[in-house]
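Keep the sequence and the 3D view open while you read, and look up each residue as it comes.

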Amino acid sequence: METIRLTSDTLHDFAEEVYQATGQNLVRCYQCGNCMAGCPYTEFFDYPVSQIMRMIQTGQREKALSSKAIWLCATCETCTTRCPCEIDVAEVMDGLRNIAYREKRFTEKDIRTFYEAFLTSLKNHGRIFELEIIARYNLRSGHLLTDADLGPKVMKQLHFLPKRIKGRNDVARIVKKFMEKK
Amino acid sequence: MIEKEYAYYAGCSLEGTASSYDRSIRVVLKSLGVTLREPEDWSCCGSTPAHAMNHVLAGALAARNLAIVERMETATLTTPCPSCLSAFKKAHDKASKDTAFRDEVNQLLDVPYEGGVKAKSTLQVIYEDVGPDTVASRVTTLLPDLKAACYYGCILSRPPRLAAFDDPENPVSMDRLLAACGVEVCDFAFKTECCGAAFGVPKKDMVLRLTHKVLTMAQDCGANCVVVACPLCQQNLDLRQGQVNRAMGSSFSIPILYFSQVLGLAFGYSPGELGLDKHIVSADALIRSRIPKGTEETVPPAKEKVGKSAAQGTARRSGERTETESTASAAKEA
């Protein structure tokens, strides 16, 4: 088992950073494990969500921000709903994702590629264009055949032209400000 | 009290793969005497990718729309999509409580958001502002073959502080609206389990496993259809049902309907008017029997009719369908 040296220096910095980003005070977490027990994604996570909360308490910034778990969380809000300490756990996971994004720590590359395909489509038209997102994702991720098996079935649901809004330049300006920071 | 007019934010999905949700919502609300006004030049709410990347980005994309609605002087914004709803509620909540956040967001907007828009899901509008009694009074048609599992998805009633609607663990609004239409509602344990949400494309294996659990539970509780209120749930359960079957070795053929489509059928609209032809798993066999309300006493007992009509439905279908139905009826008998 890994031994962690808890010093007063490392202990509070990360918890304070998370508090600033999310308004959530992790000192309140007493590790009951309720968040992990209800999380539909525990079986897919490298660290269960309760351990991510513990990493914040113990200042393990590197480990938490490079976990797969923060990317695989779908913000389903089960953890937030059930936390007896009223910590908004899903907001904490989202806050960690925001920090990881800023620091270009992309542990789950396909998820990042999908998010950016989505935001690029949003930037281009002001609304998203589903066909463009999947095409861009398939090209950028290298998984060229993702959902190709749905092809004939999905045809009757897809629209083949984007809905461009008048204010798309205003929307593009907002998105660019965040996407170009990379 | 019925509020007659709402700002109606359909959202991008409802202009694309979920157009049947939009169509059926409009038909049903018109029938209930509710006017929907579309905010002019609305844009995407940002959804999951925006809040994953940056909270200020998510706030600005949502607040652009809230600012448009604010100028409409319509008291309430309604959206059928839980993801859009969540984006609006979170942006409004943060902007109201944190002035630094609001300033940062407003710097990105041409028209600032002042913080005066209340957002409600369209399910909430129908359940709370219109009410099951009014819904029941509009019912002209009974659907004796439907056995519905009401699947709310994860964020329609959660987190409770923000959603401020229904029960976060055991929501009942959809169950009651369907019951008001005379539809049989099953006791479904996975009402708020997550279907895998936006990971259908980048993490398909995960979504297929989660969706398989939801469909299995629906079948185990005796349901022959799943009724949803979220375009992403509908997509994962319906469009990906074939992928689930291939990946998990299952043979589901369970139609996935929007709650507004079930209400629309009960109000006497045709499947085509409600966009049911757009769905992948056909609901034809389940809705073939539609009985005018008030005449049900004169027709043969409902149970016999169910069996007969279901058998007629399967005769035209594949062996897979027959197997699914016999499994469902075996589960029911047990």
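Is helix H6 (residues 122–130) of chain B largely enclosed by the rest of the structure or open, and why? The first point takes that up.

This is a predicted model, in which local features need pLDDT of at least 70, side-chain atom pairs count only at pLDDT 80 or more, and totals for chains, interfaces and linings use all residues. Residues are numbered from 1 along each chain as its sequence is written, chains are lettered from A and ligands numbered from 1 in the order in which they are written, and side-chain values use heavy atoms, leaving out hydrogens and water.

1. Helix H6 of chain B is largely enclosed by the rest of the structure because 8 of its 9 residues are buried. Buried means under 20% relative accessible area, with exposed over 50% and partly exposed in between (1.4 Å probe, protein chains only). Among the buried ones are Leu123(B), Ile126(B) and Tyr127(B). Just after the helix, Gly131(B) has a positive phi of about 100 degrees.

2. Now take chain B as a whole. It has 16 helices and 10 strands (DSSP runs numbered from the N terminus: helices are H or I, at least four residues; strands are E, at least two). Of its 334 residues, 63% are buried.

3. Next, look at where the chains meet. Chain A brings 59 residues to the contact and chain B 62, where contact means heavy atoms within 4.5 Å. By class, the chain A side has 28 nonpolar, 11 polar and 20 charged residues. Here Ala, Val, Leu, Ile, Met, Phe, Trp, Tyr, Cys and Pro count as nonpolar, Asp, Glu, Lys and Arg as charged, and the others, Gly among them, as polar.

4. There are 12 salt bridges between chain A and chain B; each is a side-chain nitrogen of Lys or Arg within 4 Å of a carboxyl oxygen of Asp or Glu. You can find one between the side chains of Lys94(B) and Glu91(A), at 3.2 Å from N to O.

5. Finally, visit Asp41(B), in the loop between strand S2 (35–37) and helix H2 (47–53) of chain B. Asp41(B) counts as buried because its relative accessibility is 18%. A polar atom of its side chain lies 2.6 Å from the backbone nitrogen of Gly167(A). Leaving aside neighbours within four places in sequence, the contacts of Asp41(B) include Arg127(A) and Lys166(A) from chain A, and Arg64(B) from chain B.

Key:
Polar contact = N/O pair within 3.5 Å; in protein donor to acceptor, adjacent residues only side chain to side chain.
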